[in-house]
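Student: I have a model open and want to read it residue by residue. Can we go through it together?

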Amino acid sequence: MTDEIVRYEVTSGIATVTLDSPGNRNALSAQLIAEITAHLESAVADEQVRAVLLTHTGATFCAGADLRESAAEGGPAAGTARMLGLLRRLVELPKPVVARVDGNVRAGGIGLVGACDIAIVGPATTFAFTEVRLGLAPAIITLTLRGRMTERSLARYYLTGETFDAKAAAASGLVTVAVEDVDAEVEAVCGGLRRGSPQGLAESKRLSTAGTRAGFDSDAASLQALSQRLFESDEAREGVTSFLEKRPPRWVRE
């Protein structure tokens with residue numbers, strides 16, 4: 001049997017889903033996405049659970065797409081469909097999802113943070129939209145980000161691919177709060193969620209995610225098609241190859 005790489009535990013009404021694949025920096029492999037999804041369904045089915053806490057082990061919350069797996073699958077179609085399904089499920093889940101992050105977040109991993117209702121990040125957290133440096137664009141994850149980040153922030157970080165810290169993420173709207181003691185803040189937030197009624201939490205979440213859900217309905221298909229087209233391009237093949245070979249792509253100008 002394949003070892004589990006996403007852990008699940010329920011304590012005092014909070015279902016904790018822990019990404020635990022530090023060997024590949026919690027990349028969004030088929031296995032990781034399938035296990036997250038299965039645990040989300042367990043949380044929905046459990047009447048004692050009021051909210052989901054999404055967190056991680058190791059120095060990286062999530063590095064984004066598993067580029068080696070995409071190459072092995074012969075293309076991006078399966079991977080983009082899996083990613084779209086996971087983001088939609090997080091947004092549509094009838095229970096609040098809280099992200100607890102204190103580590104690196106890259107590319108598609110930022111989409112996970114954006115899909116969570118509340119995002120609490122610690123001082124070790126950094127972000128970067130690395131897609132532009134690989135011949136790609138943050139297509140699908142835009143669905144969970146454009147309602148949170150300002151247009152100016154999206155433009156800067158999408159276009160430069162630069163790394164930005166927890167405070168900059170909070171200022172941009174990407175995360176709810178950047179704090180020194182992430183666990184204390186998580187406990188305070190979860191304490192509030194434990195007081196909510198199931199119906200109250202579900203309907204309040206529907207109100208707060210209305211714009212994002214509308215974006216999925218109107219734009220998901222076109223953004224998935226864009227993502228697939230970019231992944232299949234010559235530039236992306238060069239970008240991914242250079243990444244795997246740990247060298248600059250040929251278009252870099254110093």
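Tutor: Start with a definition: buried means under 20% relative accessible area, exposed over 50%, and partly exposed in between, with a 1.4 Å probe and protein chains only. This is a predicted model, where local features need pLDDT of at least 70, side-chain atom pairs count only at pLDDT 80 or more, and totals for chains, interfaces and linings use all residues. Residues are numbered from 1 along each chain as its sequence is written, and side-chain values use heavy atoms, with hydrogens and water left out.

Student: Is R25 buried, partly exposed or exposed?

Tutor: R25 is found in the loop between β2 (14-19) and α1 (30-45); helices (H or I, at least four residues) and strands (E, at least two) are DSSP runs, numbered from the N terminus. R25 has a positive phi of about 60° although it is not a glycine. Its relative accessible area is 35%, so R25 is partly exposed.

Student: What is the relative accessibility of K246?

Tutor: K246 is found in the segment after α11 (234-244). Its phi is positive, near 55°, and the residue is not a glycine. K246 counts as exposed because its relative accessibility is 75%.

Student: At what angle do α3 and α10 pack?

Tutor: Axes are lines fitted to C-alpha atoms, for helices over the stretch in contact, and angles run from 0 to 180 degrees between N-to-C directions. The axes of α3 (residues 77-92) and α10 (residues 210-231) are 10 Å apart, and the angle is about 165°. Therefore α3 is roughly antiparallel to α10 (angles over 145 degrees count as such).

Student: Is T212 buried or exposed?

Tutor: T212 is found in helix α10. Leaving aside neighbours within four places in sequence, T212 is in contact (heavy atoms within 4.5 Å) with V91, L143 and T144. Its relative accessible area is 18%, so T212 is buried.

Definitions and conventions
Parallel < 35°, antiparallel > 145°, perpendicular 65-115°, else oblique.
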